[in-house]
Amino acid sequence: MPDFDGLLARNRAWSEALRARDPEFFKRLSEQQAPQYLWIGCSDSRVPANQIIDMAPGEVFVHRNVANVVVHTDLNCLSAIQFAVDVLKVRHILVVGHYGCGGVQAVLEKRRLGLVDNWLRHVDDVRREHAEALRTIADPRLRHARLCELNVIEQAANVCQSTVVRDAWERGQPLSVHGWIYSLENGLVHDLGIDVDDTPMLGPCRQQALAQLATPPGDDATARPRPAPAG
Ligand code: ZN
């Protein structure tokens, strides 16, 4: 039996501590939200959006799914993007992958997990598109890290190609799309250098970000990737 009483007690303690610091906090938030950021990340329990960028409730609008995939026919993700861009008017969309992603690992190992395999076909599309580059990486851990990085760049490109984002740029709404990757090993986010402000920038930005990956994957202190059980 899960300890729901314990969870609810933790919730009460959290709420009380927050109100002790800022008595108006929840009242203010209940009246409106005005986040500047939309976070599109992996569902993995180790990659919690608010905590990673140290943001309070109300500061980041979040959409998460397995392997942070952005599919042009996924009404769930598209609706989150549309609401964030058209209604909340966020200024930045962050596509955030992570090293050690179990979804990416399953694709590389061609492992069968069930229904989710169909979802992960979208990551397999990224793998196939970059098969040549991935083949040159002998170490499987580094190949995994590289596919995690490539997946972020391609999913960020998918965000840029959505009608919601293109329409926002067409009407001159300030909005940029970024690609980041998070390391489970040290809690640090690494900027993959894709920052797109309008439609014509997408091609050159994507190419530049891909070219920057010419260095070994998971370099410096940002990652020592390891296989992950899930996510
Ligand atoms: Zn993941």
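Biologist: Is K89 buried, partly exposed or exposed, and what count decides that?

Modeller: This is a predicted model, where local features need pLDDT of at least 70, side-chain atom pairs count only at pLDDT 80 or more, and totals for chains, interfaces and linings use all residues. Residues are numbered from 1 along each chain as its sequence is written. We count other C-beta atoms, placed from the backbone, within 10 Å of a residue's own: 20 or more is buried, 12 or fewer is exposed, and in between is partly exposed. K89 has 14 such neighbours inside 10 Å, so K89 is partly exposed.

Biologist: And A67, buried or exposed?

Modeller: A67 sits in the loop between β2 (60-65) and α4 (75-87); strands (E, at least two residues) and helices (H or I, at least four) are DSSP runs, numbered from the N terminus. It has 27 other C-beta atoms within 10 Å, so A67 is buried.

Biologist: What is the phi of A67?

Modeller: Most residues other than glycine have a negative phi. A67 isn't a glycine, yet its phi is positive, at about 70 degrees.

Biologist: Which strands are the edges of the sheet?

Modeller: The open sheet has 5 strands in the order β2-β1-β3-β4-β5, with mixed pairing. Two strands pair if DSSP finds at least two bridges between them. The ones that pair on one side only are β2 and β5 (189-196).
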